[in-house]
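Please open the model in a viewer and keep the selection panel at hand.

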Amino acid sequence: MTVLILTNEEDVTADMVVLRLGEAGVPVVRLDPADLTTGVALSGEYVQGACSGHLSVGGRLVTMSGLRSVWVRRPGEAATRAAQPSAWLTQEASQALYGMLRITDARWMNHPDAARRARHKPWQLHLAQRSTLAVPATLITTFPQAAREFAERFPDLVVKPVSGAHPQEPPRAVPTSRVAPDTDFSAVAFGPTLLQRRIGKRADIRLTVVGDTLLAARKPADPDADPDDVDVRFAPSVSPWLAVDVPRRVADGVRRYMRGAELAYGAFDFAEDADGIWWFLECNQSGQFGFVEMDTGQPIAATIATWLAGDGDPDGRCAQGGRGAAS
Amino acid sequence: MQPFTLNYARPAVQLDVTTPYAYDSGLQLNVLPDGRIAATDHATLRALGTTTSTAGSKTHFDD
């Protein structure tokens, strides 16, 4: 039985898992859907009540029924490197590939439906609340007056994109940013705005969840840091990530979240405040993990490989990530 | 008419990084010029930041 990895060739983080699978003797087929019709081919037939299919890439051939698991890591858009790419061809190729994969019994990390839903930050915040995780007071609005009133109730705010995406024309980055007390909120009317109470943090937490395994890392905040440097991805790094235990209450909440989201993999970001409370910021369903593994030595790639090979999460309670056939 | 959130945007850092490794379709891994597996060379990966949560990724927002 084969592990199918959907990702781009440059994804060296996926390499860390391919290595572990190779060491375990688990067959792997890795392909980028962007290469459909050039380097990647597929076929499936539905005859006399039965269906079968196969994929091929680089001389490797795998049958759909021979798939153990599918890891949707960083795939390109289907057929975008075809000889004559088009939006129509991408839609055709995407429907063919993912439609056929959906009828296999393979389990997913993560299932496309669960992944798509899990990207919605407003949904994440609600699921985190329901999972009893601590969530900073948040407002998402296009009403300037609502923003003004929220700022009166919570004077120390940050703003961040609702989608997590960044504008590309021209390319810009929108880090989580502190909102000054005298800010004019009238431009809130021109786009949904996510305002959140700023957590005075003493550390950032990255909690990587693989099946039922929780691997947390902590990066202490620089005590001399500018309080306007809110976003750890943009702030100067003064410490490596260090492995840390997960408080029991947080672990329980995170497992509830993973079950609710039907995810097999998730990378949670928390802000730890002065009282040691972990405040949920977001959960990236395909978040990077290589940098954490390199700093902490935590076996994240090996844990993913074990899960994909079918031996992770033996009690099967949490985050199967494998919706049934024909979902 | 610019949305409020974009008041906090900054120019994206254009990383003109040339990765010193290339994909080997036989191994299904990226390989350095000297034949070593790129994923085992943590010094190179750290220098390139290719496994890091970056924010603002052009094609993915799952950092």
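Predicted model: local features only at pLDDT ≥ 70, side-chain atom pairs only at ≥ 80, totals over all residues.

Begin by selecting the contact between the two chains, which takes 36 residues from chain B and 43 residues from chain A; two residues are in contact if their C-beta atoms, placed from the backbone, lie within 7 Å. On the side of chain B that touches chain A, β1 (10-11), β3 (29-31) and α1 (42-48) of chain B each supply at least two residues. The largest share, three residues, comes from α1(B).

Residues are numbered from 1 along each chain as its sequence is written, and chains are lettered from A and ligands numbered from 1 in the order in which they are written.

Next, select strand β10 (residues 172-173) of chain A together with β1(B): the two pair in the antiparallel sense over two bridges. Helices (H or I, at least four residues) and strands (E, at least two) are DSSP runs, numbered from the N terminus, and two strands pair if DSSP finds at least two bridges between them. Within this pairing, B:R10 in β1(B) is the bridge partner of A:A173.

Now display chain B alone. Its secondary structure comes to one helix and three strands, which follow the pattern β-β-β-α along the sequence. Of the 63 residues of chain B, 25% count as buried. A residue is buried if 20 or more other C-beta atoms lie within 10 Å of its own, exposed if 12 or fewer, and partly exposed in between, with C-beta atoms placed from the backbone.

Turn to chain A, which has eight helices and 17 strands. The radius of gyration of chain A, taken over C-alpha atoms, is 21 Å, close to the 20 Å that the globule rule gives for 327 residues, so chain A is as compact as a globular protein of that length; the rule is 2.2 Å times the number of residues to the power 0.38. Buried residues make up 43% of the 327 residues in chain A.

Colour chain A by domain: domain 1 (2-105), domain 2 (137-197) and domain 3 (199-308), with bounds that come from an automatic or database domain assignment. The C-alpha centres of domain 1 and domain 3 of chain A lie 30 Å apart. Their contact takes 11 residues from domain 1 of chain A and nine residues from domain 3 of chain A. On the domain 1 side, α1 (12-23) and β6 (67-74) of chain A each supply at least two residues, and α1(A) gives the most, with five residues.

Select β3, β4 and β5 of chain A. These three strands form an open sheet in the order β3-β4-β5, with antiparallel pairing. Which strands stand at the edges? They are β3 (40-47) and β5 (60-63) of chain A, each with a single partner strand, so one side of each is left without a neighbour in the sheet. Strand β4 (residues 50-57) of chain A pairs with β5(A) over four bridges, and A:V57 stands opposite A:R60 in β5(A).

Move to the five strands of chain A that form an open antiparallel sheet in the order β15-β14-β13-β16-β17. Neighbouring strands of this sheet are turned by 30 degrees against each other on average, direction ignored. Axes are lines fitted to C-alpha atoms, for helices over the stretch in contact, and angles run from 0 to 180 degrees between N-to-C directions. Nine bridges join strand β13 (residues 201-210) to strand β16 (residues 265-273) of chain A, and A:A203 stands opposite A:E272 in β16(A).

Finally, select A:G310, found in the segment after α8 (300-308) of chain A. A:G310 is partly exposed, with 15 other C-beta atoms within 10 Å. Not counting residues up to four places away in sequence, A:G310 touches A:R68 and A:S69.
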